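Dear colleague,

Please find the structure we discussed below, together with its sequence. My notes on what was found in it follow directly after.

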Amino acid sequence: QLQASGGGLVQAGGSLRLSCVASVDITSRNTMAWYRQSPGMQRVLVASSSSSGGTNYGDSAQGRFTMSRDNAKRTVYLQMTSLKPEDTGVYYCNLHTFALSSKYDRDYWGLGTLVTVSS
């Protein structure tokens, strides 16, 4: 229900824009986020965007990445600049929806898109 795209091979210092299209409505209360999983590492939060308008970034993304969303297109983007080899990994899109009762909250994950940054 989430389709991420835009990954690829880029040299250090380059840029990429990732996109994630949701097949479900993202105008209700939710948070969408990008996570990165590097080889042998746990999945880490890169950036998140709430339906109320707030955006947060992980330490590694601060100042270099920008997350945005287009609710009409059910799409979120991650503009990545000044890429470093340590940004290499599979980038996953996550949608967390909030229900009136938290027991009905749901998490959706896409398959991920691979970003490789060469030095």
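**The disulfide and its surroundings**

C20 and C93 are both buried, where buried means under 20% relative accessible area, exposed means over 50%, and partly exposed lies in between (1.4 Å probe, protein chains only). Before going further, please note that this is a predicted model, in which local features need pLDDT of at least 70 and side-chain atom pairs count only at pLDDT 80 or more, while totals for chains, interfaces and linings use all residues. Residues are numbered from 1 along each chain as its sequence is written, and side-chain values use heavy atoms, with hydrogens and water left out.

The two cysteines form a disulfide with their sulfur atoms 2.1 Å apart, a disulfide being a pair of cysteine sulfur atoms within 2.5 Å. By that rule the count comes to 1 disulfide. The link of C20 and C93 is left-handed, with -90° about the S-S bond, and it ties together distant parts of the chain, since C20 sits in strand β3 and C93 in strand β9, 73 residues apart. Strands here are DSSP runs (E, at least two residues), numbered from the N terminus.

**Strand β3 and its partners**

Of the 7 residues of β3, 5 are buried, so this strand is largely enclosed by the rest of the structure. Strands β1 and β3 run antiparallel and are joined by 4 bridges, two strands being taken as paired if DSSP finds at least two bridges between them; L2 has A22 in β3 as its bridge partner. Strands β3 and β8 are likewise antiparallel, with 6 bridges joining them, and V21 stands opposite T75 in β8.

**The nonpolar core**

In soluble globular proteins, nonpolar side chains tend to be buried together. A nonpolar core is here a set of buried Ala, Val, Leu, Ile, Met, Phe, Trp, Tyr and Cys residues joined through side-chain atoms within 4.5 Å. The largest one has 26 residues, and those with the most contacts inside it are M32, W34, L78, M80 and Y91. Among the elements that give two or more residues to this core are β1 (2-5), β4 (30-37) and β9 (89-97), while β3 gives the most, with 4 residues. If residues up to four places away in sequence are not counted, L78 touches, among others, L18, W34, F65, M67 and Y91, contact meaning heavy atoms within 4.5 Å.

**One further residue**

V10 lies in strand β2 (residues 8-11) and is buried, with a relative accessible area of 13%.

With best regards
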